[in-house]
Amino acid sequence: MVMANQSLLLQSFFFLLPCLSSSCPEYQKQALLQFKSSVLAVNPSFHTLDSWNSSSSNFCLWDKVTCSSPSNSNSNSTSTSVVIGLSLAYLSAPLMPSNLLAPLFFIRSLRVLDLSQNFIYGQIPALGFDNLSNLVHLDLSWNFMKGQIPAFGLKYLQYLDLSSNRLSGELPEEIGNLTKLQQLSLGSNKFSNGIPSSILYLRELEELDLGNNSLSMEIPSNIGNLSNLSYLIVGKNKLTSGVPALMQKLNKLNSLDLDGNLLTGEIPFWLFDFKDLQSLQLGGNNLTWNNNMKIVPKCRLLGLSLRSSGLQGDIQKWISTQMNLSHLDLSMNQLHGPFPQWLVEFHFLSYLFLSYNKLSGSLPTALFRSSQLAILALSDNNFSGELLENIGDAKFLIIMMLDGNNFFGPIPQSISQISSLELLDLSRNRLSGNIFPVFYPQVNLFYADFSSNQFSGEVPTTFPPNIKTLALGREIPIEFVNHLTGMTPNLTSQTSGFYVAETYYTQFFSTEFAVNELIVNWKKYKQRLSSHYIDMYFLLDLLNNQLSSEIPASLGALKALKMLNLSFNKLYGKIPASLGDLQNVEGLDLSHNKLSGPIPFAFTKLQ
């Protein structure tokens, strides 16, 4: 039915045009104007294509249009020029149904078509794209396309990017008919089942991205026959078995991502023999590292992940030879010993993940002198000592996670000088003191977790105005306690919402280096919060402190709150009726205080 509707739409447009030749300039001009008109019908305020004007005789001068005869681009004639390229990425239009693309399918001279980063939804119009038989480059990435991949008949296609859509189903065997393909990107969709064997027919393929889907079964054993491959990305799937031995034949390999699958067996050391290899992502599988083997890598890596790979003992000394590393993830292993001095001499290191190991000792002063370090994740180790006074020298830090260690003493005031800092987690340590750093308004901090320490004094209000996450509570039972006192601050003067109280992270930062998942401890139950919808969750936890005041009525203005916990304090007075305005709240705990009076009738509005 969908195919029939597409066909009728194409035919109806076909008869509106006076010329049917792909080399007819007027024909192509009218097709472009019809596309603009279709978009304007959806969004009358659309201005991106204002240069596409019927009064202009030379459409080769229009924005985002490339013609075949650049020498004629300044003339008023287009008699020998035809459209060969349309760069229509990020048009800033609203949601567009895919059938609005129909006028473009009559510009048969097109060789390059980029429609990425728009809001195009619906199925891929197979008949329409097959009409563009000269296409060499097709980019539909970062849209809302759904359904299956059609059996494209585009025999000249060299570049196909359908990544970051909502496509699903099996990868079609017919994909092997696109034998000219050099780059195929299908990542971040919902494809399932196995990788089709026909993909081995794509002998000219240089880049293959199938990552972040639900693909299962084994990696094709003959994947090594794709001898031109330099990028192979199949991470974040459900692939099984081991690393195929014939992968050794991929001697042009520059980037290999097998992260986050169900692969088993020993990590083959020949992976470190690829001389051109720069990125190797093996973490998050059931692969194991042979700790008795000694290796001498022939590669010079920029990125390495061996997360959860059975590493034991001191951090492997061979890693010290990889001086160009910018991304290193050795988290969730059995590493112990001190923080290696040679690691702070990696001048290009931007992302460092050593969480969930047994590393110990103090942190080296030189660590925070780095001009490159953006993410530092050392959660759940046995590091100890006072936090270094020069911690504020790390001017480019965005994420700093030192939670779950044995750090003690005050928080250095210099930490407030890191203007780029967005996420700070110092929870579950032995930090103390009654003075918090004063964060200036220009600081980007939106998440701060100081829970389960030994702080005292009044609740701090020295956080930047864009803070969304503030955790000052404690877990039960636990020996570390915050004893914050005083009045409950007027939080709405700084922010419209908070989320997360006692929190730890299930983390792996691959090429995107983003927190994948939060696990919130709420009322002794663990709840998973997806990072894709992180702005939906706002939690405020001041559990088990020494707060003594009436509950501010202004809390009712935090409309986005999902959970509010003020229990185990010394709050008194009546419950403000304004809390009944928290219509999104799913958990409200005011127990173990000194509150009095009736329960507000406004609470009947709470679901």
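Let me start with one term: two strands pair if DSSP finds at least two bridges between them. Keep that in mind as we go. And note that this is a predicted model.

Take strand S25, residues 358-361. S25 is joined to S27 by 2 bridges, and the two run parallel. Which residue of S27 is the bridge partner of glycine 361? That partner is phenylalanine 383. Now step on from S27. It is joined to S29 by 3 bridges, again running parallel. Here glutamate 386 has phenylalanine 408 of S29 as its bridge partner.

What holds such strands to each other? Strands of a sheet pair through backbone hydrogen bonds, either parallel or antiparallel.

Strand S7 covers residues 144-147. S5 and S7 share 3 bridges and run parallel. In one of these contacts, glycine 122 has methionine 145 in S7 as its bridge partner.

Stay with S5 a moment. Tyrosine 121 is found in this strand, which spans residues 120-123. Is tyrosine 121 buried or partly exposed? Its relative accessibility is 38%, so tyrosine 121 counts as partly exposed.

On to helix H2. It runs over residues 25-42, which is 18 residues. From first C-alpha to last, H2 reaches 27 Å. That is close to the 26 Å expected at 1.5 Å a residue. Several of its residues are buried, among them Tyr27, Leu32, Leu33, Phe35 and Val39. Lys29 and Lys36 are on the buried list too.

Phe35 brings us to aromatic rings. Ring pairs link Phe35 with Trp52, Phe59 and Trp62 into a cluster. Across the model, the count comes to 17 aromatic pairs.

Let me show you two of those pairs. In one, the ring centres of phenylalanine 269 and tryptophan 289 are 4.8 Å apart. Their planes meet at 35°, so this pair is tilted. The two residues come from distant parts of the chain, 20 residues apart. Phenylalanine 269 is in the loop between strands S17 and S18. Tryptophan 289 is in the loop between S19 and S20. Both residues are buried.

Tryptophan 289 has another ring partner, tryptophan 318. Here the centres are 5.8 Å apart and the planes are at 15°, so the pair is stacked. Tryptophan 318 lies in the loop between strands S21 and S22, and the pair is 29 residues apart. Both tryptophans are buried.

Now salt bridges. How many are there? The count comes to 4.

Start with lysine 236 and aspartate 259. Their side chains meet at 3.1 Å, N to O. Lysine 236 is in the loop between S14 and S15, and aspartate 259 is in the loop between S16 and S17, so the bridge ties together parts 23 residues apart in sequence. Lysine 236 is partly exposed, at 27% relative accessible area. Aspartate 259 is buried, at 1%.

Then there is arginine 428. It forms a salt bridge with aspartate 380, with the closest N and O atoms 3.1 Å apart. Arginine 428 lies in the loop between S30 and S31, and aspartate 380 in the loop between S26 and S27, so this bridge ties together parts 48 residues apart in sequence. How do the two compare with the cut-off? Buried means under 20% relative accessible area. Arginine 428 is at 17%, so it counts as buried. Aspartate 380 is at 22%, so it counts as partly exposed.

Arginine 428 also forms a salt bridge with aspartate 403, where the closest N and O atoms are 3.0 Å apart. Aspartate 403 sits in the loop between S28 and S29, 25 residues from arginine 428. Both of these residues are buried.

Finally, a network. Salt bridges that share partners join Lys236, Asp259 and Arg307.

Terms used. Residues are numbered from 1 along each chain as its sequence is written. This is a predicted model: local features need pLDDT of at least 70, side-chain atom pairs count only at pLDDT 80 or more; totals for chains, interfaces and linings use all residues. Side-chain values use heavy atoms; hydrogens and water are left out. Rings of Phe, Tyr and Trp (its six-membered ring) pair if their centres lie within 6.5 Å; planes under 30 degrees apart count as stacked, over 60 as edge-to-face and the rest as tilted. Helices (H or I, at least four residues) and strands (E, at least two) are DSSP runs, numbered from the N terminus. Buried means under 20% relative accessible area, exposed over 50%, partly exposed in between (1.4 Å probe, protein chains only). The expected span of a helix is 1.5 Å times one less than its number of residues.
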